[in-house]
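Dear colleague,

My notes on it follow directly after.

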Amino acid sequence: MIAQPSWAGKKYTADPDYIEVTKALESTLENQQTQGNTPEIKQEISELKFQKYILENSEDSYGVCRNETDKTLLVYGEKPKKSTSTYDNELYLLPSGAETDDEWNCEGVYIPGQAATEEQGATLPKAFKIVHGTHLVATSNLQTGEIEFNVPPAKVIQAGEDNWFIPENLQAALDAGIITAKIDD
């Protein structure tokens, strides 16, 4: 007799990110049935299918973040064992030109808010969450100077929505004593 192979790759079905993405995709598909095939719904379905694909097919169980901007970014990762933080993760520095180690889980990027200008209102800080297995690359838009990413977010988190530390401003984040993320050599 030959034993059936154990499908080690099926472990993603218990992953909280996979469960969340699958539920969101099912809900959006239901919305498509009731609201029609609007461009917004089509875009959301496309992004959710992409995230599900990453979770199902990635060789890595960790997210990797690469900073190709000319600034240091703040990224989210697992908090150290000795941490007394009540948040689900912690902020780390990711220097310009660096990439997080592929055995360290980058969970997302902190996006600082901006003060109001004459043309635009103020924006609040937020977190750009990625799913496990994502290889995120941050670049700077040469015209606007804004940070751009090569993948859509799994979720954009505002302060108070999830248990993520989203400081009011960059200085508050730096005052929290942030250390550098584990960098790929």
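Are Asp17 and Lys129 buried or exposed? Both Asp17 and Lys129 are buried, where buried means under 20% relative accessible area, exposed means over 50%, and partly exposed means in between (1.4 Å probe, protein chains only).

Before the details, a word on the basis of these notes. The model is predicted, so local features need pLDDT of at least 70 and side-chain atom pairs count only at pLDDT 80 or more, while totals for chains, interfaces and linings use all residues. Residues are numbered from 1 along each chain as its sequence is written, and side-chain values use heavy atoms, with hydrogens and water left out.

Overall architecture

The chain has three helices and nine strands; helices (H or I, at least four residues) and strands (E, at least two) are DSSP runs, numbered from the N terminus. Read from the N terminus, the order of the elements is α-α-β-β-β-β-β-β-β-β-α-β. The chain has 185 residues, and 32% of them count as buried.

Helix 1

Helix 1 consists of 20 residues and reaches 28 Å from its first C-alpha to its last. That is close to the 28 Å expected at 1.5 Å a residue, the expected span being 1.5 Å times one less than the number of residues. An α-helix has 3.6 residues a turn, so residues three or four places apart point the same way.

From C-alpha to C-alpha, Gln32 is 9.1 Å from Ile45, and the two are 13 residues apart in sequence.

Salt bridges

In the whole structure, five salt bridges are found, each defined as a side-chain nitrogen of Lys or Arg within 4 Å of a carboxyl oxygen of Asp or Glu. In one of them Asp17 pairs with Lys129, with the closest N and O atoms 3.1 Å apart. Asp17 lies in helix 1 (residues 16–35) and Lys129 in strand 5, so this pair ties together parts that are 112 residues apart in sequence.

Lys129 also forms a salt bridge with Glu20, where the closest N and O atoms are 3.7 Å apart. This second pair again links distant parts of the chain, with Lys129 in strand 5 and Glu20 in helix 1, 109 residues apart. Lys129 has a relative accessible area of 11%, whereas Glu20 is partly exposed at 37%.

A further salt bridge joins the side chains of Arg66 and Glu68, at 2.8 Å from N to O. Both partners are partly exposed: Arg66 has a relative accessible area of 31%, and Glu68 one of 43%. As for shared partners, salt bridges join Asp17, Glu20 and Lys129 into one network.

Pocket and cavity

Both terms rest on a 1 Å grid over the protein atoms alone: a cavity is a set of points where a 1.4 Å probe fits but cannot get out, a pocket is an open set with protein on both sides within 12 Å along at least five of seven lines, and lining residues have an atom within 4 Å of a point. Grid points are joined across faces, edges and corners, and a volume is the space filled by probe spheres set on the points.

The largest pocket holds about 530 Å³ of space. Its lining has 19 residues, and Ile111, Pro112, Gln114, Glu146 and Ile147 lie nearest its centre. The elements that give two or more residues to this lining are strand 2 (73–77), strand 4 (106–111), strand 5 (126–129), strand 7 (147–149) and helix 3 (170–175).

One cavity of 30 Å³ or more is found in the whole structure, and the volume of the largest cavity is about 40 Å³. Among the residues that line the largest cavity are Phe50, Gln51, Ile54 and Lys129. Helix 2 (residues 39–57) gives the largest share of that lining, three residues.

With kind regards
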